[in-house]
Amino acid sequence: MCGISGIISNANIAKKLLDSIQNLEYRGYDSCGMAILNSHGPIIRKNIGHVADVAEKELFLSMNGNTGIAHTRWATHGGVTPVNAHPHANCDGSIAVVHNGIISNYVKLREMLTKKRHTFLSETDSEVIPHLIEEYRKGGMPLESAFVAALKDIEGSYAVAMVAYEKPWKIFCGKHESPLIIGLGKNENYIGSDFNAFIEFTKEAVVMDDGEYAIVSNEGYAVKKIVNGAPVLKKVMHVEWDAEMSKKGGFPHYMLKEIYEQPETVKKALSISDASIQMLAQNVVSAERTYLTGVGTTFYAAQLGQYYFASEAGINVPAVSSDEFLENSAMAKGDFVLAVSQSGETYDTLRVLREAKNRKIRTAAIVNVIGSTMARLVDDVVMQGSGPEICVISTKAALAQVIILIRTALEAGVITGKLRVSEKKQKIKQLEALPQQISDFLNEHSGFVHNLAERQAHHHNWLFLGRGKYYPIALEAALKVKEVAYLHAEGMPAGFLKHGTIALIDDNLRSLVFIPSEKEEALYKMTMSAVEEINARGGKVIGIHSSKTFAKSKLLADQLLLPPAPPLVMPLMALVASQLFSYFLATTLDRNVDKPRALAKSVTVA
Ligand code: M6R
């Protein structure tokens, strides 16, 4: 996945176009480029590297013109090289195109175009698009029809934008299964993969649907259907997010800022209407079977949800990672699929939801990004309202998702009779106390977490262990460390250790164990067995726990003491602590925190 943007204006757009891809950089950042039309046609400048570096090297700000498109890339087809960077041009350089998605039939199209003497410069799938358009133009088709004909030829997923010498006051764009949004300004309009492309310039936007294309000028826009050119009347949305929310606000990294925003995101998740939560809970309880799904961090959020549905509602709601879902789960009519996704654009999760729709299965999603494909695809959507999450590493969005799942589990508990209304209310109070507890923890303990990370960052191999609700926390904490600190961390149920992995324990392997409070006696004892077993084999345990007495234990080589909290919310405190730990590991090791290597914010490919 990549970020695409475009601007058309009665003023020079170079600076704004650069800002727009800079704001989309979290979608992919191995290379980037801009094409701006001047009187000779599109001038393309592109290279490998982060946007700021390429902008400097390629003198983006010295470009000049009123119409342009830009791209920031996360390579799928073809290595990270300057020629593979977008925009791509046709043979005579009169057309420039940017593309996000994957063209599954590009090999066939490229062969056909090569036979017709088109010359390809890159290894990308995307480069077929400008050549296809050129081919149709050669046959005498007007530009708009040629653009649409090319879109009809390509299979797979795309959001495409084109500028052309012959129509200097237009940007042509179209989409299928990759997001594309039009921003509406004064005497200028924008396109982007998401709102961040133009959030600094306007809050009015039109979300394009699959199978639509648009012609955007500085004065207006027209959306039409790709299949027959029929005009489509679109609703203009007002975006609540503002540019300030997307800035670092004094924090050295977005990741830290977003960790510190969590008291606010929890409050937002708690302010979602009871009616929305009851609707989800009713669906969960009345379905034949309910599946929770998501992938990466959102799968772990869903998995944590599974534990809360078991403990609070007494029902089995399996969480299945969306990348494996269709192969291992037999969903059928009468079932309910509840997806979790920050971006609302993740291919694996969308694939599950699309198949569920085909099978006439009810779907819902907990999503952060307004207007995203998932938000519009499902029968019911709960917008989590966490605000823009810019760091590629998900933190605040994941916590908000868990809060929403816990609220749903509590509501389901009342419906199944597992919880009395008074018990539910008491537990909601515990959730309501969480923002303050997180705030206190961040303000008072972040120094300890920093010191712990500095002491431990030189260890390259880790086991992250937890039982019960602390198991998905261990998995998520390990993922964070892998993603942002590039250390090998394997998340595992603490009880699973003795069934094989224990053979790895030695003085070099660090085991980070999430230890529940003694109040959860059974869980505590079972977790402690693992701590003992590791110590017995000469391993070193780093404990994340909340017991002042246990803090003196010789079983811990190092530790992070959490403030006490009720068992319902304690795993969430541990989650926040582990986010902070991974952040400080990453800064100690001088990693690229907000844009870790090889990652991208939303993975829109298979
Ligand atoms: O946008 P989504 O929540 O659907 O994304 C799912 C995963 O790709 C995402 O959570 C990924 O694991 C992040 N890098 C986690 O930090």
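Trainee: In which sense, parallel or antiparallel, do strand S13 (residues 221-225) and S14 pair, and over how many bridges?

Mentor: The model is a predicted one, in which local features need pLDDT of at least 70 and side-chain atom pairs count only at pLDDT 80 or more, while totals for chains, interfaces and linings use all residues. Residues are numbered from 1 along each chain as its sequence is written, and side-chain values use heavy atoms, with hydrogens and water left out.

Strands S13 and S14 pair in the antiparallel sense, over two bridges. Strands (E, at least two residues) and helices (H or I, at least four) are DSSP runs numbered from the N terminus, and two strands count as paired if DSSP finds at least two bridges between them. Within this pair, Val223 stands opposite Val232 in S14. In general, the strands of a sheet pair through backbone hydrogen bonds, either parallel or antiparallel.

The pair belongs to an open sheet of seven strands with antiparallel pairing, in the order S5-S6-S7-S8-S12-S13-S14. Strand S5 (88-89) and strand S14 (231-232) each have a single partner strand, so one side of each edge strand is left without a neighbour in the sheet. Helix H4 (residues 128-138) packs on this sheet and touches S5, strand S6 (95-103) and strand S7 (156-164); contact means heavy atoms within 4.5 Å. The direction of H4 makes about 125° with that of S6. Such angles run from 0 to 180 degrees between N-to-C directions, the axes being lines fitted to C-alpha atoms, for helices over the stretch in contact.

Arg137 forms one with Glu166, and their closest N and O atoms are 2.8 Å apart. Arg137 lies in H4 and Glu166 in the loop between S7 and strand S8 (171-176), so the pair ties together parts 29 residues apart in sequence. The structure holds 28 salt bridges.

For comparison, consider a second sheet. Five strands form an open sheet with parallel pairing, in the order S22-S21-S23-S24-S25. Its edge strands, strand S22 (488-493) and strand S25 (558-561), each pair on one side only. Neighbouring strands of this sheet are turned by 20° against each other on average, direction ignored. Strand S24 (residues 540-545) and S25 pair in the parallel sense over four bridges, and the partner of His545 in S25 is Leu561. Helix H14 (residues 421-456) lies across strand S21 (461-466), strand S23 (510-514), S24 and S25, running at about 160° to S25. Helix H15 (residues 470-485) packs on the sheet too, touching S21, S22 and S23, and its direction makes about 170° with that of S22.

Finally, the chain is divided into domain 1 (3-245), domain 2 (249-419) and domain 3 (441-595), with bounds that come from an automatic or database domain assignment. The centres of domain 2 and domain 3, taken over C-alpha atoms, are separated by 25 Å. Across the interface of these two domains, 27 residues of domain 2 are in contact with 27 residues of domain 3, and the rule finds zero salt bridges between domain 2 and domain 3.

Terms used:
Salt bridge = Lys/Arg side-chain N within 4 Å of Asp/Glu carboxyl O.
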